Amino acid sequence: MSASRLILVMLACLLAACEQAPAPSNGFAGLGQDAADFAQVERGRPLVFPLDEGAHDGYRIEWWYVTANLTDAQGREWGVQWTLFRSALRPGPEQVGWQSPNLWMGHAGLTSPFGHQHAERLARGGIGQAGVVAEPFSAWIDDWSLRAESGTQPLLRMQAHGEAFSYDLRLHSEGPRVLHGDQGYSEKSGKGQASYYYSLPFLRVEGQVEVDGQRYPVHGQAWLDREWSSQPLAADQQGWDWFSLHLADGAKLMLFQVRQADGAHYRAGTWISATGQAQALRGEQISLQPLAHTRQAGGQQVPTRWRVQVAEHGVDVEVDAIEPNAWMGTAFPYWEGPVRLHGQPGGRGYLEMTGY
Amino acid sequence: MLVVENLHKSFVTAQGHLAVLRGIDLTLEAGVSLALMGESGSGKSTLLHLLAGLERADSGRILVEGVALADRREADLARWRREGIGLVFQQYNLISSLDVAANLAFQARLAGRYDPAWVTHLAERLGLQALLTRYPEQLSGGQQQRVAIGRALASRPPLLLADEPTGSLDEASSEAVLALLLQLVGELGCSLLMVTHSERLAARLDRRLVLHHGRVAAVSE
Amino acid sequence: MRLCLLALLSHWRRHPLQGASILTGLWLATALWTGVQALNSQARADYARASAVLATPAQAQVLPRQGQYLAQADYVTLRRAGWAVTPLLEGRLRLPGEAGGTLQVIGIEPLSLPAGSQVAGQPGEGVDLLAFIGKPGQAWIAPDTRQRLGLPLGETMPLSEGLQLPPLVEQAQLAPGVVVVDIAQAQALLQVPEQMSRLLLAGTAEPTLPAELADRLRVQPAEGADDLQRLTDSFHLNLTALGLLAFIVGLFIVHAAIGLALEQRRALLRTLRACGVGLATLLAALTLELGLFAVLSGVLGVASGYLIASLLLADVSASLRGLYGAEVAGQLSLPAIWWLAGVAISLLGALLAGLSSLVRAARLPLLALAQPQAWRQAQSRWLRGQALLALGLLVLAAICWGLGDSLVSAFVLMASLLLAAALLLPALLDGALALLARRCRGPLSEWFIADSRQQLPALSLALMALLLALAASVGVGSMTQGFRLTFSGWLDQRLAADLYVSAPNTTQTQLVMDALAAQPGVEALLPNWTLDTRLQGWPVQLQGIVDDPHYREGWPLLEQQADAWAQLAAGQGVMLSEQLARRLNLRLGERLTLPAPSGEQALPVVALYADYGNPKGQALVAADWLRRAWPEATLGSLAVHLAPSRGEAVQAWLEAAYADAGVRVIDQAGLKAWSNQVFERTFAATAALNSLTLGVAGIALFISLLTLGHSRLGQLAPLWALGLGRRQLAGLSLGQTLLLAGLTVLLAMPLGVLLAYCLVAVVNVQAFGWRLPLYIFPGQLLNLAALGLCSSLLAASGPLWQLARRQPADLLRTFAHER
């Protein structure tokens, strides 16, 4: 069975791309009416750890999102994505058994020198097939997992596989947790849509990837994003472009724009110094300019080269997809892949583009 | 032996009521032969059918030895046909499932007057000895009519009714068949009433009766 | 061409009866054939629907070793070990209220289905997944099932004990008798929380189970063919054979009528050709004419075939459900293709029936006169040819008898016997009449026989049809009755216990058993351990029984070695059901090798027993032996022998104490009634088709006599003129028909018995695996003989009534017009 409708509903909460998801809340009894019963994102609520590393029942949508830029022994560049989405069909706390309101969706992506592959997993909450536990941290769906290795905090082990690929990576935290926006309160439009959003951008990675039965030892950098919310985006917002960049000088940069039909895109970001000091960026401080498009497997024209400028911090780079066809042909398709930075300063990172 | 008085017969046709016989009177003595003549539609065959008990008259009487035929029930009519008369048709009307011998003997046996010697004699006279085991379909028209004549005479009926017995035959066979018929009738001494068109044929019988529009137009000795 | 066709068609205006008989023949043939085909294809389509409830590429499955269910936790463990399994929960749900009835509940977990699987026969795109798994959820049901049960659409339906069925949503492709719900709903409805029936594996690989699960679960490899399809094949083949018989009988009518029409139009055909119509044009026109008849009757045939099928469907589906557990919808669908197929089969039939006539028309000499004698000679040549063909068929039958070992060869045997008998019939009747002719002395009796012989060629086809239909009726009737006798006797012996108790799993059954042992009046408790496996690809159930005098006394054995029961009890022997022994080709004393998990086990066959009505194989072994060899053998049912008059009390006690735990109790009488009901319905369709075929034969005779009526007049008129009454003639004619029909009926009786023998000793063995004793029921034979005579009397009376009512003028007219 194609789960496209389900995923449409799930992602509608993330993206609210009305053109792609015609009135999903009407199609699902309970979602529209009970929207107000979901927990609301409020400015000023302090994030508490490790509690907030776990699942936030009562919020409608949530994800654990890891992207990694890796290098193999021959110096070739690789990219890995590990994502777990939680989507609640109904407000209310988690329940044991099939009564659970949660649906879980896992996405795994691998960008190798030989191309891009992806895989997808779906599961119901409540029966143990998928879930997240805050302490000791463990997030899983089927046999994919992201979990703390016992006794060796802060160390995460990340595993997933698809039809012809798998990876098994260890993530060492080498820097602080970074709260985006206003102490983790991250606005997504000028009209009040917001989410809680924090990242672990300083993750060192080592481990193995396997493609078509061949194993490759790899190492590199990873970025963990955590975000949860209950509010869909505004009706005129079509999709978004999101950048997580490891700059050559050790600083990190998170930028996103939510594209609006009227062209007045909502932009925001966070400048993270090499020591982990975070500074929220306003829209006018950011310039994002698509330079070249690539036609994807599904026929979509997606910008795979950008000019990114944050003048205040001396950033003026061309962001170039390592694999321009890093298309995630999942039930709800999007583009997600590693990028290389040319210009001042150099570096690498990950780019996600939805709604094309 | 046969007296017909004021006989009427009409049919209902698509065109309406058709009076075929309109008052026929006729007397036929034993041993006498009579030719029944007249143009097509004059009522000759109908008269013959009435005499044979194949149909019933509307009015008038047919007296056989003083008893009216019209008064008889169907079973008695059948008996009259079986025992009182011999019938010869233009179309032979043999029984196709029986061979010549069985056909010859059939009516005599039905009538309970089967005389093997007489039937053998008839077969001889009719030239049928070699054909006795054949079936009607295997015979020529003349042969078939000879079987029909033999069948009619086998029961030694007092009266032989013949409806254009040679009408389907060519002239030569017709002549031969007719000669045989008259000879045998003479031998048997039975009365004969024959419907015919043929002047020449009629001339060989004792009397003639000409019908016209259902009435007796002429009688001659 | 057009003129030619018009000239040909003018014949039918003068002889509407002939036209009607061609139409009727084709119509009936098409109708019966279509009816049977509709039944079969409906059933087959429903099996496909049943197996398409979950059409995943998955074939292999994970099953519990014990009992009906596996734990949900084990499913999660497997998923988290990376197994792409999807769970199913199956069970039966009794509907409340008068409507009653049961539904098969299938619980699925749509999110875990492998990509590209179909649900309920349709790809997932159209499915509202969130509505299905959300609240109040959905219950998918086929439209025919919903209508049959009279359930409301789109409303939550309360069931007993506070349960409720989610709102019904129709899914056209769903199997009949099935309701598909989310597994969460299914667990609630079936009251088995956190339990699943089985897990489907994606792909055909058979991975090894993790050690901690291997003692509870097992992987069942992918099964090749669809069991349901295989098990029911013989049932459908039987129906098809009956349909074919009816079709052939129908074609006899057509053949007779077309032949007669050609005979009567010889002159016309000659005239047309003499007028310059080419032979090709003439043949084309004749063929076209035949085609018109075929199309018209094809359409009529499909309509009435559909009607027949819909009338029989209830019985057919009931017997399929009872015999095989196969669900068949109570409603037929009539796809457009059926109309085409019906017309095609009618065209084919018309062509088959008319081919000889067309060939004769093609060979018709241009200027020959009608030569009845030539025809008669041709007829005797034809009779010789028929006799030769019949001999050939008898040889074929003998070959099938001696060498055949399949259902197809069994049917070929029967078909060649029937056909040979039919082909020999005219010669036999002619011989019989010839014998009678020798004893005739009177002129009328001589004529009577001679004329009957003359009618024979024209009536022989109709009489053949009568012979076939009657023989089939006798054969099927004897078989059915004999089976009934055997079956009920067997049932009486086999169902000796007073109560039969079934429970969902071994533990539960053992609990009930212990509790029952303490009940007063319980004389014996016979646990029945079972294990399902496959032997040579055939589904087989091993039954482990305990040593008990009830078995020795009651269990009917067909063949046994000395001390069979003692050997069985000692674990040194196995008893096989008759059909299993035949399938495995095992005889008494030979060894059966069983694939036990601990290694292959071989046991000598110590006895064979009848197991009527069971499509699967069955083998009896000692319970202890079974549990040693297969630790996963389950205990699901108990036979309880009680002291007299304790039955109701114990049953009531059981039901009160254990009904909630899923324990079911059925008493002997109930089980027998159910078995007998299945039996009756199984043969209801057969019996109905059979009497329809007999009816068709009657119609064939009627039409033949009617078409003969006109020419008969020419033969009867001279007799009338020679002094026979009309009634007498009618009586004689009736006598002729009755004589011919009577002789045919007389010949049909031994043929029918022979057929019955083939059915019980050959067809049944090949189709079901059991052989039945041959019973002859004189009363039944008399009944059928009377029925055959009555139908011919009825068939003869119409034309005769006309004859008796003829005005003398009609008879006279034949003197003027004929020939």
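Which strands of chain B does helix α1 lie across, and at about what angle does the helix run to β2(B)?

1. Helix α1 of chain B, residues 44-51, lies across β1 (2-13), β2 and β4 of chain B and runs at about 65 degrees to β2(B). Axes here are lines fitted to C-alpha atoms, for helices over the stretch in contact (C-beta atoms, placed from the backbone, within 7 Å), and angles run from 0 to 180 degrees between N-to-C directions.

2. This is a predicted model, in which local features need pLDDT of at least 70 and side-chain atom pairs count only at pLDDT 80 or more, while totals for chains, interfaces and linings use all residues. Residues are numbered from 1 along each chain as its sequence is written, and chains are lettered from A and ligands numbered from 1 in the order in which they are written.

3. Chain B has seven helices and ten strands, taken as DSSP runs (helices H or I, at least four residues; strands E, at least two) and numbered from the N terminus. Four of the strands form an open sheet in the order β2-β1-β4-β5, with antiparallel pairing, where pairing requires at least two DSSP bridges. Its edge strands, β2 (16-28) and β5 (67-68), each pair on one side only.

4. Strand β4(B), residues 59-64, is joined to β5(B) by two bridges, and L63(B) stands opposite A68(B).

5. In chain A, four bridges join the antiparallel strands β16 (266-272) and β17 (278-281), with T270(A) opposite A280(A). The two strands form a hairpin with five residues between them, and G276(A) in the turn has a positive phi of about 100 degrees.

Definitions and conventions
Contact = placed C-beta atoms within 7 Å.
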